[in-house]
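Thanks, everyone, for making the time. I would like to walk you through one model this morning, going from a sheet to an interface and then to the ligands.

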Amino acid sequence: MQAETPISIEEKPVLEAQSLIKKYRIRQSLTNRITITAVNGISFSVEAGETVALVGESGCGKTTVGKMLLGLLEPDNGIVFFNGLSLTEYKTKLRNEFRRGVQMVFQNPITSFNPMMSIGNTLIDSMRLRDDLSQTEKREEAIRLLQRVGLDPDYAKRRPSEMSGGQLQRVGVARALTTNPKVIFLDEPTSALDMSMRGQIINLLLDIQAELGLVYVLVSHDLRVVRAMAHYMLVIYLGQVMEEGTVEDIIQNPLHPYTKGLLAATLVGHVGETETKQRVRVHGEVLQLPADFHGCNLIQRCPFEKQRCRTELQTLEEVIPGRKVRCWQALDLSK
Amino acid sequence: MSQNPLLEIKNLQVIIGREENRVHAVRGASLKINEKERLGIIGESGSGKTLTALSILRLLPATGIIKEGEIYFQGKDLLSLSESEMSYIRGKQISIVFQNAAAALNPLFTVGQQIAEVYRFHEGCSAHEAWAKAIEMLDATGIPDPTRRAHAYPNQFSGGMAQRALIAMALVCSPKLLIADEPTTGLDLTIQAQVLDLIKDHVIQSCSSLILISHDIAVIAEVCTNVAVMYAGDVLEVGSLEDVFQSPLSPYSKALLKCFQIEGRGQQPYIAGKVPDLRFQYEGCLFAPRCEFAADICRNRPVLREVKPNHWAACHFT
Ligand SMILES: Nc1ncnc2c1ncn2[C@@H]1O[C@H](COP(=O)(O)OP(=O)(O)OP(=O)(O)O)[C@@H](O)[C@H]1O
Ligand SMILES: Nc1ncnc2c1ncn2[C@@H]1O[C@H](COP(=O)(O)OP(=O)(O)OP(=O)(O)O)[C@@H](O)[C@H]1O
Ligand SMILES: [Mg+2]
Ligand SMILES: [Mg+2]
């Protein structure tokens, strides 16, 4: 029997993260260890049927946030709520229910499968927590899911090496669905695929979301994928949210210099569009900032840097309803 | 085209792989690139972009052979040169930058040594001069503190810096033609933008030409003046960036370009069907099985022809 918790979507978001903080001790040299703040106070909440996107470059903390949402990593501070209960409450008695409820699709379809196991057995294996199903029912369910993601039942017999990247990513989606989840964390689900295949996986994910009312937390550095899939986005840099708002608002009118830089590098829309818009270039590479630094994290990379940016604490503030930005210049400009 | 092209590829055919995996990877591709042109090659994965580029430098993997075709560079037939003649062209006249910089650099030598070595081989100067040139190139490609960084080993470089170093090495002898194969895939967006600026600025300043391979049209649009669209080993369309991107002729180009035009949240266009199995030979148009306009006439392979001035396409319906 599967004990369903009563969900009241109207009152509570399905998934909520409150001021998540995660620090790591890393070795800088043989003798010197420093603490880095991989995730520095990230909050968001998502309702059924909605997608929130975490956008940012390598090392900004996206996967670390994901691990905390999946309960694989304990935050140093902050709380994750799933269906109104904090993860610590699930830890005790409802553990399996939470594990069934929050699933993940990995970035690289090829390395995320056991090469020795057939696709059918992979799916059956991930139904371990489905104590509501008999072995035969699990087999039937595996076939049903394969068909749901657009694959022939015959594929159940195949090994991962006998399938293309796009087909494997479909299996990745099927595997995430085996436990009847409410939330799926999608870590760069299409970055290993080419553009035509990308469209097909995006469409599949959108269909499934509409059908099952799933929450997606999407990690992607491709703003085109974000635009196709997400309702709301958080632009993250060095563990901090620099800007957040609805996807269309941000794409039409980015406020933070970092967001502008990302958009200029993606060319969302038609050819020639960036020619007319002002191109913003973020300089250099990600810096390791000293622990006692309290200015803006984008320091030395921002094309609009002023003295105040080095010394003044930048806070995330609501500029217009539903839109937040962490940059005093952007705030000044919008006043 | 009135100009004498810098590089001309005619009916290139490449076969690669062993036994049952032997594929006809390039199937009669033809391309031209003039001086000062920046040609982008786009196409789905497996369309033969990399093998076409490698054929120009005669650097195909061991199982690959050029079955047919001609490649002229400044009027010289590259395929008829001896291996030692070819080694003077590689790195000096034509250079290539690959996607995976970390793998392309030798882990046992410092970055400075590797750049200096290329320069010394081609220019025959002193070790001292070559080292100074290496530092100059690192500086020109935007590596901070180049005098110190020249002594670093590749594993001490970030992905973006290694890619810059590789570009420095490719440009050190001021080649007439730079080939960049997915030079920014896997790099962060802000770094990608910097690396593309670097390539574009250098090619413009030195009046050289560029072949840029990518399956991202955004990258091509940023850098190139011209575009070639490849599918299943053949070139289906060539023209100026504006012509091909704004008024594509081939149904394949149209379908491919549509995949990039994301206007908002919701169902996305894609190309239905599968790429042909490259192990076999086909008589007709390679795209016909996936093409909505396919008709009887498509059982004959269309040739690349000039449909409008300087805008070429291989399709019976253009
Ligand atoms: N187990 C760990 N121990 C120490 N540091 C870690 C650990 N995991 C992550 N980090 C560091 O935390 C920061 C955030 O890493 P994270 O993997 O969350 O980034 P990401 O945004 O997912 O990056 P990518 O796009 O490369 O996947 C990075 O600086 C990373 O080096
Ligand atoms: N070393 C090799 N051995 C066997 N087959 C190969 C080899 N290299 C490439 N091929 C095959 O040749 C065809 C063309 O490959 P190529 O690498 O030129 O494609 P591409 O257009 O560069 O694709 P991508 O965008 O994925 O880089 C593909 O079917 C590929 O599988
Ligand atoms: Mg990650
Ligand atoms: Mg390639």
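Predicted model: local features only at pLDDT ≥ 70, side-chain atom pairs only at ≥ 80, totals over all residues.

Let me begin with strand pairing in chain A, where strand E1 (residues 15-27) and strand E4 (residues 77-82) pair in the antiparallel sense over five bridges. Residues are numbered from 1 along each chain as its sequence is written, chains are lettered from A and ligands numbered from 1 in the order in which they are written, and side-chain values use heavy atoms, with hydrogens and water left out.

On terms, strands pair here if DSSP finds at least two bridges between them, and the elements themselves are DSSP runs numbered from the N terminus, helices being H or I with at least four residues and strands being E with at least two.

Lys22(A) forms one with Asp76(A), the closest N and O atoms being 3.6 Å apart. That pair links distant parts of the chain, since Lys22(A) sits in strand E1 and Asp76(A) in the loop between helix H1 (62-69) and E4 of chain A, 54 residues apart. Over all chains, the count by this rule comes to 23 salt bridges.

Chain B has an open sheet of four strands as well, in the order E2-E1-E4-E5 and with antiparallel pairing. There the edge strands are E2 (23-33) and E5 (76-77) of chain B, each pairing on one side only. Strand E4 (residues 65-73) of chain B is joined to E5(B) by two bridges, and the two run antiparallel, with Asp77(B) in E5(B) as the bridge partner of Tyr72(B).

Turning to the interface, 40 residues of chain A are in contact with 34 residues of chain B, contact meaning heavy atoms within 4.5 Å. The area buried between the two chains is about 3200 Å², of which carbon and sulfur atoms give 51%; buried area is the accessible area (1.4 Å probe) that two parts lose on being put together, summed over both. Three salt bridges are found across the interface of chain A and chain B, including the one between Arg281(A) and Asp197(B), whose closest N and O atoms are 2.6 Å apart. On the side of chain A that touches chain B, helix H6 (195-212), helix H7 (223-229) and helix H9 (257-266) of chain A each supply at least two residues, and H6(A) gives the most, with nine residues.

Finally, the ligands. Which residues come nearest to ligand 2? Of the 15 residues around ligand 2, they are Ser45(B), Gly46(B), Lys49(B), Thr50(B) and Leu51(B), where a residue is near if one of its heavy atoms lies within 4 Å. An oxygen atom of ligand 2 is 2.5 Å from an N or O atom in the side chain of Ser45(B), and for the side chain of Lys49(B) the corresponding distance is 2.8 Å. Ligand 1 is surrounded by residues of chain A, among them Tyr24(A), Gly61(A) and Thr63(A). An oxygen atom of ligand 1 is 2.7 Å from an N or O atom in the side chain of Thr63(A).

Notes:
Salt bridge = Lys/Arg side-chain N within 4 Å of Asp/Glu carboxyl O. Polar contact = N/O pair within 3.5 Å; in protein donor to acceptor, adjacent residues only side chain to side chain.
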